Every structure is written in C-alpha cells, then in structure tokens.
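Let's take a walk through this structure together. Have a look at it first, and then we'll go piece by piece.

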There are 2 protein chains.
Amino acid sequence: MEVGSEDRLSRSTEDYLKAIYEIEAVDGTAATSSIAEALAIAKPSVTGMVKRLSETGLLEHTPYHGVQLTTSGRRSALRVVRRHRILETYLTSKLGYDWDSVHEEAERLEHAVSDELVERMALALGNPRYDPHGAPIPSKEGVIEEPVLAPLTDVPVGSIAELRMVSDRDAERLRYLSSLGLRLGVRFEVIARQPFRGPVTVRFTGRPFREQIVGYELATTLGCVVREQEVG
Amino acid sequence: MEVGSEDRLSRSTEDYLKAIYEIEAVDGTAATSSIAEALAIAKPSVTGMVKRLSETGLLEHTPYHGVQLTTSGRRSALRVVRRHRILETYLTSKLGYDWDSVHEEAERLEHAVSDELVERMALALGNPRYDPHGAPIPSKEGVIEEPVLAPLTDVPVGSIAELRMVSDRDAERLRYLSSLGLRLGVRFEVIARQPFRGPVTVRFTGRPFREQIVGYELATTLGCVVREQEVG
DNA sequence: GCTATGGATTAGGTTGACCTAATTTGATTG
DNA sequence: CAATCAAATTAGGTCAACCTAATCCATAGC
C-alpha cells in the first residue's frame, strides 16, 4: 500500500478541503459562512457538504461552531495545494504564462493531474520551493514551510524590505502590482505610512529610485521581509 | 464573439462526443450500444444522455437507429480530440512519459485544459501533426487529416512497409509492441501471412534484420504505409 | 406474413452537489 | 435575564448523470 494511494476525491471535495485549509490558516477554525463565501456557494449547501465530508472522516464538524480538518483531511488539502502551486510554477516557467493568468488555469488542472505528473513537473522545475506568487510549495510528504512575513502595513517606516509573497486570487490586482513595479524580490524603503488605514509610500532601491504609493488594503496583502533598519 | 468561445461542456458530454466521433469514423453511425460499450456505461443511461445532447443540438438521434454528430457536435468533438492528442504529445516530448502511459493522463486532462494552454503546448512543440501513436492532430480550426493507411493484415507479402499508427487504447498492448521493436517509423518486409486470421511475419529492414510474428488481432490495429514492392 | 431475438427505450430509482425559504441556535446587550 | 439578531441548520426541491428491471420495436429467418 503506497502513501498517496487513497481513492480520488471529487472536484468539489478538493475545493472544500483547500478552502478550509486556507481559512483555518487565518482564522484557526473555518466557519460555514467563510467557506460559503470562499467557494461562492450558498450557506445551506455548505452545511450539507460539510456533513458528508465529516462522515468520510476528512473533517470534524461541531454544529454552530465551524469545522476543522482531520489529519487525513489536512493531508489531502496539502496535496491539492501542492498540485496547484507546482502547476502555477510550471505554467509560468515553462509555458510563458504571466503570474496574473496562472491561477485560473491551475484551479481547473489541480483536480485532473495525477501525482505522477505533478512530480514530473516538479522534477523538471528542480523541485521549486515557492510558486510564482511566493507561496511555499508543500513537499510531496505534506510538509509546508510557514513563511514569516510581515504585511507591508506592518513594516516600520525607514526600513528596507523585500517583497516575498502576494495573493494569487485577483488577476486584476496582480496586473496592477506589476504595473507599479511590485514584483517578487524587489526591495524598497518604506518612506511613509499614513494613519487610519491610509496608504504606504515606498521608494525602490533600484536604479530610477522611483516612489510608489500603495493603498492600505493592497498593502496588507503584500508579504515582506524586513532587510535592514535605516537609522537605528 | 470569438471562434472557440462556446460555453464549456461537461466532462461527460465531452466524453460522449469524442466516443461518438470515433465510432462514426469506423461505423458511419454510432449505435447506442457501441457508445455504451466505449464509455463503459449502461445502455439506458446512454439513451438518456443522447436525448439531452440532441436537445442541445450537438447530435441527431433517430430512435432505434443510432446517432450522428451535428456540425457543432463534430466541432466540439474535434476540439476534445485535439486537446487529447496535443496533451499526449506534450507529455511524451516534454515530460518523459512513454507512449503507453500518456493516454490515461490525457483522458483526464483533456477536460480541464483551456484552449489557451493547448495552443501554448502546441506552440512549444512546433505545432506537431501527429501524436505519439501516429494519430493526426486536428488543427485549431477543426480540420483533421484522414490518414490513408493499411492495416498490417492488408499489406501484401513481399512488400516493405512502414509503421505509422497504432491504437492508444491499451497500455499493455503498447508495451508489447515496444518489446517487439514495433515503434512508429520502423520499416519491415512482410514475409508471410497465414490464412484464416492467422499471424503475420515481418522482418525489420534495420541492422539485426530480426523477424517477428504478429498475431492477427494485433496486426489489424497497426496502420502502415506500403513503401515498395519487393519483386514486381 | 409472422414470430423470435437482441438492441433500444421507458419506467422508476439513486447519488452528489447545488438551490431557496423557513426555522433554530448561540451570543450579545439593554 | 429576556429580547434580539446574525449565523447555522433543517426542510424540501432541482438537475446531471448514472443505475436495474421491464417493455418495446426492427429485422431476419422461416
């Protein structure tokens, strides 16, 4: 009996597991309505599906108190996440996709590719650790790095930061980020942060030393590493 | 309004269309039971599905007399065939799959890839005309070459033939063909054909001039071009 | 021209995954 | 501590795609 040899899960099941995994990462536990919102499905449908999934042992459902993945559910979720991120990386590196167009394609393919194909792609890519949006790729064995990143809104004024991760959810947003020069790996100094959820001003460390103003909402979605403090 | 922009068809619908296309190519018209056999689905289920598909205009159903694709149905079927064959070619050329293992993978992926991805793969491959089993790949516009090939069982004794196409259906069979040295492009002389659906003996034109005996059933599935007549 | 036979269809049922409308529950708050 | 409200669940229904069992129909053979 091999490791990854459980029966294939339905497309829908995989979508639920992945969504729940991602909600849990933020909220600790996944509320029915968060799942419903993430998947754009009516709440009662989620209740029903959650019941089925907990009967098959993929998650634990405490009525009126949300849902948690079981060990087996988490393993399956991470398999889907791995597939998704390897696919995004492959499409970007090998087939010329831009970072704003891979998500949709990977969203469909993640339910159709075999583990074998994923591993072949991973191998062809040299077993990458991050996808094109900077998200860590879980290993085949289901281990995932927890990146320690600060949202741009938390980077202190005066320090130099590097952009390490962005959300892949909204293609529009990704195109906008590109247009600002905010690609993975760019470094900038945080010049100013307006209070009351106001915008953040950054100046790139590269040649034209351009400044950009980033709105608060957007800035919260940018995962950064602080490289150095300017003054002390 | 773009060319290939109809709404996505369900996985099931695509499977039916492709199967019907392939049965039509052989039988002229597709009987309910042939479809049922090809898809491993009970006959009454096929009747039901066929009714739905003819309501959406993808095929014409004359009760008790089988089914034919409409123009729109044929177009969709050819799109699926193109996806399948491009995928098989890509997996073989770029990801190290063997010709016996691509079919299953492509069978799932053909329902998930976008036209855009297919065209990117086709481009990366240099717009191939044949898949790894020698089957012609329909163009983006839905044009497909009708290969004029003779089954090995029809190649006259004494002539030199080249293997051009094999069925991708049975992985076992493909592995067996490889083991006999029967890969696409090999040339051989037909040495003998036993009567009463008996085996065919061939001798390769290459270095060790090996002989192989091929059973009748298998020989019917090998598409050949006759290169030259030996005597006259 | 009638009847046997097998292929096709109708009848009726299941399952997964969704929906809306109505009701219940847990948590908050005056 | 009762009233309230939003969140969650139950109730009841739809739809696609399958199933088995029973019936129907075209044709081939006599």
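Helices here are DSSP runs of H or I with at least four residues, numbered from the N terminus. A residue counts as near a strand if its C-beta atom, placed from the backbone, lies within 6 Å of it. This is a predicted model, where local features need pLDDT of at least 70 and side-chain atom pairs count only at pLDDT 80 or more, while totals for chains, interfaces and linings use all residues. Residues are numbered from 1 along each chain as its sequence is written, and chains are lettered from A and ligands numbered from 1 in the order in which they are written.

Start at the DNA. Around DNA strand C there are 20 residues, and Ser10(A), Ala42(A), Ser45(A), Ser33(B) and Pro44(B) come nearest. Two or more residues each come from helix 1 (11-27) and helix 3 (43-55) of chain A, and from helix 2 (32-39) and helix 3 (43-55) of chain B. Helix 3 of chain A gives the largest share of this surface, 5 residues.

Now stay with that helix. Helix 2 (residues 32-39) of chain A packs against helix 3 of chain A at about 110°, their axes 9 Å apart (axes are lines fitted to C-alpha atoms over the stretch in contact, and angles run from 0 to 180 degrees between N-to-C directions). Because 65 to 115 degrees counts as roughly perpendicular, that is what the two helices of chain A are.

Finally, the chains meet: 13 residues of chain A are in contact (C-beta atoms, placed from the backbone, within 7 Å) with 13 residues of chain B. On chain A's side, helix 6 (115-124) gives the most, with 4 residues.

Terms used: Contact = placed C-beta atoms within 7 Å. Parallel < 35°, antiparallel > 145°, perpendicular 65-115°, else oblique.
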